[in-house]
Amino acid sequence: MLNLAFKNRYQELGEGFYDQSNPAPVSKPSLIKFNEQLAAELGIEVQDEQSIVDLFSGNTIHNSSSPLAMAYAGHQFGHFNPHLGDGRAIYLGELEHIDGRARDVQLKGSGRTRYSRNGDGRSALGPVMREYLVSEAMHKLKMPTTRALAAVLTGEHVIREQVKPGAVMTRVASSFIRVGSFQYFAMNEDLESIRKLADYVIERNYPELAEAENPYLALFEAAVMRQASLIAKWMQIGFIHGVMNTDNMSVAGETIDYGPCAFMGFFDHNQVYSSIDHQGRYSYSNQPNIGLWNLSRFAETLLPFFVQDTDKAVEIAQDVLEQKYVKHYSDEWLAGFRAKCGLTKIDSASDEDDKALIDSLLDTMAKNQADYTLTFYYLSQLDKDPNDNDQSLRGLFSRPKAIDVWLEKWRERLSLESNTNEQRQTSMQSVNPVYIPRNHQIEATIRAAEDNEDFGPFHALYDVLQKPYEYQQGKENYMLPPEPNEIVHQTFCGT
Ligand code: AMP
Ligand code: MG
């Protein structure tokens with residue numbers, strides 16, 4: 001048995017919050033990957049591989065753990081579903097991270113629970129590999145996110161469109177409480193439970209708010225600010241979550257529930273990858289609006305705690321959403337894109353002018369099928385004066401002349417900057433990655449694992465993504481956009 005000690009403050013909230021539910025054993029578990037560094041940060045002392053496999057396949061229940069499935073509801077594509085909950089996930093408890101804050105540990109794909117509805121409670125290997133790669137890449141890209149601790153093959157099959165190998169993913173989060181967790185109690189006007197849940201979230205994730213004049217309003221505001229900043233970060237890295245239902249939005253402001261998510265290749269404001277998002281509700285450019293929509297649903301659950309008078313409470317919530325969310329999002333958006341473009345002298349330049357310059361770059365990229373990540377990476381190599389370095393960037397644009405026009409405006413703006421080429425390039429390269437988990441490469445690692453039981457490509461891609469901002473000799477193929485026959489047009493939830 002591994003030497004660790006789970007706590008479970010969630011369980012103390014009471015029976016209405018969960019269903020006590022053990023993971024269902026699997027027949028022949030084997031380890032795909034274990035995140036040793038994260039494990040060490042969580043104080044997990046590993047004696048041997050077998051004990052990891054036993055715990056993170058769900059075959060052994062640690063004596064300090066009291067596994068449960070959490071209850072929640074949520075709006076899926078705008079439609080309220082009162083009966084969601086952990087249908088294929090089981091919460092093991094919390095562990096203390098070396099940073100002094102607790103983390104929650106959950107198995108995903110660990111068997112049926114009370115909330116499984118028609119599902120089998122299992123995960124296929126592909127989505128587990130995808131979540132492992134993308135969530136750990138996101139962490140290295142400085143995005144607040146759930147983490148991957150372990151991936152285990154079950155030795156069993158799951159039935160999806162085809163028969164697939166099964167796997168269990170262990171994820172670690174600051175919180176698994178979602179907007180939908182609050183909605184679950186709000187639908188029955190169970191104010192007592194909402195208060196308990198809010199108190200729990202404050203204690204766990206926003207302890208500094210416990211002493212606020214109105215901790216519930218302070219919680220709402222703080223969660224709104226974190227979400228605005230998270231979505232601004234997604235936009236800067238070209239990340240499309242793909243299924244921003246209210247049950248997939250963490251109240252702790254972390255990216256959670258990696259399903260049909262994807263990083264953008266060619267830039268398109270309206271890019272959608274998810275096979276089930278027919279209306280583009282969760283398209284790249286709609287993410288900030290949907291964030292606001294989801295947070296409005298969150299506000300509705302907390303209104304009675306703002307002030308007694310409902311009209312006044314609505315006014316307060318609207319004020320937070322319209323003023324704080326919208327303003328914070330646009331401030332963060334602008335600050336992030338300025339950094340990506342090397343624009344640091346913000347006192348001498350107007351916000352409107354810089355925003356127009358950035359928008360015009362994005363429009364030029366969209367009109368010329370330029371790769372999102374490489375555009376910013378190559379831009380980070382350029383000097384104040386045009387020279388041969390410009391060619392790599394120009395080569396990304398179907399009409400290179402279009403980017404020449406923009407570069408001229410950019411260089412004019414750079415004349416306000418006082419740093420050297422090298423200083424600017426270094427700071428731009430610290431925010432513009434060389435490597436992202438590209439869809440076609442993720443697909444290739446899944447194909448190798450599923451078809452040939454070869455996890456080599458998975459480990460190789462993972463290793464490259466550990467240093468996304470560093471050019472790695474010999475790893476140029478990981479930088480490249482897909483060949484036409486490799487382009488992934490759609491991604492799937494894999495549920
Ligand atoms: P997701 O697409 O992961 O956000 O899941 C939406 C809801 O469906 C959640 O309540 C999940 O627990 C549930 N769910 C998804 N896949 C399965 C499955 N294979 N078995 C049982 N429940 C599932
Ligand atoms: Mg979900």
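Student: Which residue has a polar backbone atom 2.8 Å from a nitrogen atom of ligand 1?

Tutor: A polar contact is a pair of N or O atoms within 3.5 Å. With a nitrogen atom of ligand 1, a polar backbone atom makes such a pair at 2.8 Å, and it belongs to glycine 121. Before we go on, this is a predicted model, where local features need pLDDT of at least 70 and side-chain atom pairs count only at pLDDT 80 or more. Residues are numbered from 1 along each chain, and ligands from 1 in the order in which they are written.

Student: How much of the accessible area of ligand 1 does the protein cover?

Tutor: Accessible areas come from the Shrake-Rupley method with a 1.4 Å probe. On its own, ligand 1 has 490 Å² of accessible area, and the protein covers 87%.

Student: Which residues coordinate the magnesium ion (ligand 2)?

Tutor: Donors are N, O and S atoms within 2.8 Å of the metal (3.2 Å for Na, K and Ca), and water is not among the atoms, so sites may look incomplete. Here the distances are 2.0 to 2.1 Å, and the coordinating residues are Asn248 (OD1) and Asp257 (OD).

Student: Are asparagine 248 and aspartate 257 buried or exposed?

Tutor: Buried means under 20% relative accessible area, exposed over 50% and partly exposed in between (1.4 Å probe, protein chains only). By that rule, asparagine 248 and aspartate 257 are both buried.

Student: Which residues of helix α13 (residues 421–429) are buried?

Tutor: Helices (H or I, at least four residues) are DSSP runs, numbered from the N terminus. In α13, the buried residues are Arg424, Gln425 and Met428.

Note on methods. Side-chain values use heavy atoms; hydrogens and water are left out. Helices (H or I, at least four residues) and strands (E, at least two) are DSSP runs, numbered from the N terminus. A polar contact is a pair of N or O atoms within 3.5 Å; within protein, one must be able to donate a hydrogen and the other to accept it, and residues adjacent in sequence count only if both atoms are side-chain atoms.
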